[in-house]
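Dear colleague,

Please find the sequence and structure below. My notes on the helices, and on several individual residues, follow.

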Amino acid sequence: MILLVLLLTAAYLGRFGIEDLSEALTFVGRITGAGLIVASATALLGAAAVVDHWFWKSFLYSGTLALVGTVAALLTNSMVLLEILSGDSPYYQALSVLLTAGSAWAVFAVWRTLTVIPAPKRVATAVIASSVFAIANFGYQNLYQPYQHGARPAIKLAMGPPELSMDRKSFAVPVDITLENHSDVGFYVMGAEFHAMGQRVPVSTHDRLRQQWRDDAERWQGYQERSPLSRREVHQPGELLAAQPWMAPGGYIEASDSVAIRTLVQLPIDTPYDQVAFYATASLARKDRLGLDSVAFDSFSWSGGKVPQWVKDQKEFDSLIYIGRVHENNSINERTMAPRSVAIYWKFGTHGAEVSASITRKGDENRIPPEAENRAVRNRYGLVDALTGPIQRSLWDIKSKSRR
């Protein structure tokens with residue numbers, strides 16, 4: 001029985017270790033793989049020592065090596081069990097429970113056969129070293145690392161000089177959009193959108209009443225774009241002038257890299273707006289927290305099919321939906337978590353545009369999770385949003401330069 005437990009443990013840990021050593025997305029994940037391989041080898045050595053200790057007794061310290069092997073198996077199986085309990089696979093959960101219980105029994109069984117433990121200081125050192133490694137690795141990967149504040153790429157907008165059309169009836173404002181990643185991790189691009197809003201902002205000749213301020217505050221809560229309260233300026237909800245994606249879903253930006261594009265916003269020369277405001281956002285995911293298969297267009301929110309009901313029920317926005325398969329960043333989670341996909345919603349309406357990403361397992365697409373679960377998922381997979389705006393410019397200024 002002890003031999004079976006140690007051999008199964010060696011195969012179990014070795015499988016995870018080899019995959020993590022070669023495929024984990026983080027350095028600590030590959031160190032974990034190396035540790036699991038060492039634990040697997042120790043369990044194999046312990047199995048050989050058990051055979052010698054029970055039958056041949058050809059090696060003086062075979063009982064001690066058997067004890068070290070069973071203790072290492074118990075510690076590592078316990079750490080793996082704690083990780084797998086949060087997974088979705090009853091098979092792996094049951095197997096880990098059985099191996100942990102079996103290795104605990106193996107430690108006790110081997111201990112009982114040892115009337116004298118040779119070189120107790122060496123045994124203590126081996127057991128303590130393996131314990132410290134297992135606990136430190138588990139604590140770093142599962143307690144410290146997930147709560148680090150990840151980097152967030154920055155989006156910069158810069159407007160160039162306006163360009164007048166040949167017939168002098170319209171003008172175009174060039175806008176340079178730059179995504180800068182100054183961190184040491186790369187990011188997948190879930191989606192990126194740019195939009196421009198036209199705003200009418202008449203100015204009052206006197207201070208407005210308190211009730212007018214209150215009405216502004218209540219009215220603006222219903223719009224994507226926010227406008228500051230003002231004593232004299234009478235802000236009105238903006239109107240969408242232009243909206244477009246500026247990076248393809250499923251692309252990526254590497255560490256310490258940047259991506260830049262230029263787009264044009266065209267307006268008639270007699271546009272009725274007083275100001276134009278530019279916005280750019282990007283939904284991103286850390287490349288050290290997940291792997292992402294190719295992202296492909298899936299459906300329109302208004303076309304039915306597999307579109308989640310909560311998306312169909314949107315009143316203000318129409319959405320383009322993209323789907324991609326998500327992979328976990330380590331072998332244990334990849335094998336014990338149910339398959340998950342990311343749904344990317346590029347949506348636009350009369351009062352703005354936005355892009356968002358949602359990671360769910362199959363069958364949960366229609367479920368709206370609580371906020372705490374949303375935060376946990378975003379933290380687990382390193383989902384971040386980068387945004388900039390409003391970058392505002394007076395249209396009188398643009399018109400005057402267009403006439404020169």
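In α4, the buried residues are Tyr-92, Ser-96, Leu-99, Thr-100, Gly-102, Ser-103, Ala-106, Val-107, Ala-109 and Val-110. Here buried means under 20% relative accessible area, exposed means over 50%, and partly exposed lies in between, with a 1.4 Å probe and protein chains only. Helices (H or I, at least four residues) and strands (E, at least two) are DSSP runs, numbered from the N terminus. Because an α-helix has 3.6 residues a turn, residues three or four places apart point the same way. The cover over the buried residues of α4 includes α1 (2–23), α3 (62–84) and α8 (331–336).

Please note that this is a predicted model, in which local features need pLDDT of at least 70 and side-chain atom pairs count only at pLDDT 80 or more, while totals for chains, interfaces and linings use all residues. Residues are numbered from 1 along each chain as its sequence is written, and side-chain values use heavy atoms, with hydrogens and water left out.

The 24 residues of α4 (residues 90–113) should span 34 Å at 1.5 Å a residue, and its end C-alpha atoms are 35 Å apart, which agrees. The expected span is 1.5 Å times one less than the number of residues in the helix.

**The chain as a whole**

The chain contains ten helices and 14 strands. It has 404 residues, of which 46% count as buried. Among contacts between residues at least 6 apart in sequence, 75% join residues at least 24 apart; contact means heavy atoms within 4.5 Å.

**Helix α3 and its two partners**

Helix α3 has 23 residues and reaches 32 Å from its first C-alpha to its last, close to the 33 Å expected at 1.5 Å a residue. Since 18 of these 23 residues are buried, α3 is largely enclosed by the rest of the structure.

Two packed helices are described by the angle between their axes and the distance between the axes. Axes are lines fitted to C-alpha atoms, for helices over the stretch in contact, and angles run from 0 to 180 degrees between N-to-C directions.

The axes of α3 and α4 come within 8 Å and cross at roughly 155°. That makes α3 roughly antiparallel to α4; angles under 35 degrees count as roughly parallel, over 145 as roughly antiparallel, 65 to 115 as roughly perpendicular and the rest as oblique. The crossing of α3 and α4 is left-handed, that is, the near helix is turned anticlockwise from the far one by less than a right angle, whereas clockwise would be right-handed. The contact involves, among others, Ala-66, Thr-70, Ala-73 and Asn-77 of α3, and Ser-96, Thr-100, Ser-103 and Val-107 of α4. Its residues divide into 16 nonpolar, eight polar and no charged. In this division Ala, Val, Leu, Ile, Met, Phe, Trp, Tyr, Cys and Pro count as nonpolar, Asp, Glu, Lys and Arg as charged, and the others, Gly among them, as polar.

Helices α1 and α3 pack at an angle of about 50°, with their axes 10 Å apart. That makes α1 oblique to α3, and the crossing is left-handed. On the α1 side the contact is made by Ile-2, Leu-6, Thr-9, Tyr-12, Leu-13 and Phe-16, and on the α3 side by Gly-69, Thr-70, Ala-73, Thr-76, Asn-77, Val-80 and Ile-84. These residues divide into eight nonpolar, five polar and no charged.

For α1, the 22 residues should span 32 Å at 1.5 Å a residue, and the end C-alpha atoms are 31 Å apart, which agrees. The buried residues of α1 include Gly-17, Glu-19 and Asp-20.

**Individual residues**

Gly-33 belongs to helix α2 (residues 27–56) and is buried, with a relative accessible area of 0%. Not counting residues up to four places away in sequence, Gly-33 touches Gly-17, Asp-20 and Leu-21. Gly-33 and Glu-19 are 14 residues apart in sequence and 7.2 Å apart in space, C-alpha to C-alpha.

Leu-320 lies in strand β11 (residues 317–328). Its C-alpha is 5.8 Å from that of Tyr-345, 25 residues apart in sequence.

Ser-256 lies in the loop between β6 (252–253) and β7 (257–268). Its phi is near 55°, a positive value in a residue other than glycine, and Ser-256 is exposed, with a relative accessible area of 61%.

Finally, a cis peptide bond joins Gly-389 and Pro-390, with omega about 5°; Pro-390 lies in strand β14 (residues 383–394).

With kind regards
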